[in-house]
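Here is a brief report for a first look at this structure. Keep the sequence and the 3D view at hand while reading.

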Amino acid sequence: MPKRLALLLALMFFVGGFAPLRGAIDGNQLLKLSDEKLIPTICSYSLTMETTDEKGKSKNYVVKGYKEGPGKNVLIVEEPRRMAGTVHLRKEAVIWTYYTTNQKLMKIAYQSVFMGSLLNYGDVMAMELSYDYEVAATAETETGYLLTLKPKAGHEGYAEIRVEIDKETLLPKKREYYALSGLLLKESTFKKIEFSGQHLTYMEQEFYEPLKEKKTVVIYSQIQLLEDVPDKYFNENYLKYLGG
């Protein structure tokens with residue numbers, strides 16, 4: 001654990017502002033409730049990413065997404081034009097990519113870099129953390145719940161994720177992503193979350209990688225609730241047709 005974070009946690013315990021989670025709800029239930037409140041179970045959406053490197057140079061990406069439950073998610077690249085038609089599919093524990101540039105279908109590792117951003121495939125395609133992670137430790141402050149997550153058996157992921165959830169809304173506020181060595185790989189903050197009734201309509205999440213001083217802003221918009229998504233959308237052999 002980084003010295004700065006360890007000192008901060010020790011101080012919070014000392015002043016009484018940080019305590020084990022109280023009440024009937026446990027950490028895994030809390031994480032699942034937060035996921036369900038934030039992410040529609042079945043929907044289509046637009047995802048845009050802007051990555052800025054340490055020199056201030058930016059790259060932009062736009063994809064169209066369809067998801068059904070926590071284990072099925074497909075993304076069709078719209079921009080940049082040279083990559084348009086490339087399709088990324090997460091189906092349970094496997095991630096596939098069909099490359100329109102060479103008409104090849106390949107399995108992709110969870111930790112592979114996603115389209116030149118500082119995100120990996122897991123960051124983008126594993127939208128509900130409660131599907132891939134279980135809560136190893138819980139605590140709370142006056143305004144939030146603090147959860148420490150570890151990957152479930154048989155699921156890929158970060159060695160550890162630390163999540164802060166707002167007490168009043170149950171929406172996520174901040175996440176930190178750690179390597180097995182304890183190194184902080186990246187962190188993300190939720191800058192803006194908007195609803196129409198109970199329906200998420202807009203979400204802006206900023207990722208920051210301290211080692212490389214890179215930043216990626218991810219925006220979810222044009223979110224439409226669906227009754228279902230055609231099964232063929234989640235068939236790796238259909239991806240070449242889905243990308244047009």
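Predicted model: local features only at pLDDT ≥ 70, side-chain atom pairs only at ≥ 80, totals over all residues.

Where does Arg82 lie? Its place is the loop between strand E3 (72-79) and strand E4 (87-91). Arg82 has a relative accessible area of 61%. Exposed means over 50%, so Arg82 counts as exposed.

## A cis peptide bond

Stay with the loop between E3 and E4. Pro80 lies in this loop too. The peptide bond that leads from Glu79 to Pro80 is cis. Its omega is near 5°.

## Positive phi at Gln103

Next comes a backbone angle. Gln103 is not a glycine, yet its phi is positive, near 55°. Gln103 sits in the loop between strand E5 (94-99) and strand E6 (104-108).

Is Gln103 buried or exposed? Its relative accessibility is 53%. The cut-off for exposed is over 50%, so Gln103 is exposed.

## Positive phi at Leu170

Leu170 also has a positive phi, near 65°, and is a residue other than glycine. Look for Leu170 in the loop that links strand E9 (160-166) and strand E10 (172-178).

How does Leu170 count in terms of accessibility? The relative accessibility of Leu170 is 22%. Buried means under 20% and exposed means over 50%, so Leu170 falls in between and counts as partly exposed.

Definitions and conventions
Residues numbered from 1 in each chain as written. Heavy atoms only, no water. Helix = DSSP H or I, 4+ residues; strand = E, 2+ residues; numbered from the N terminus. Buried < 20%, exposed > 50% of the residue type's maximum accessible area, 1.4 Å probe, protein only.
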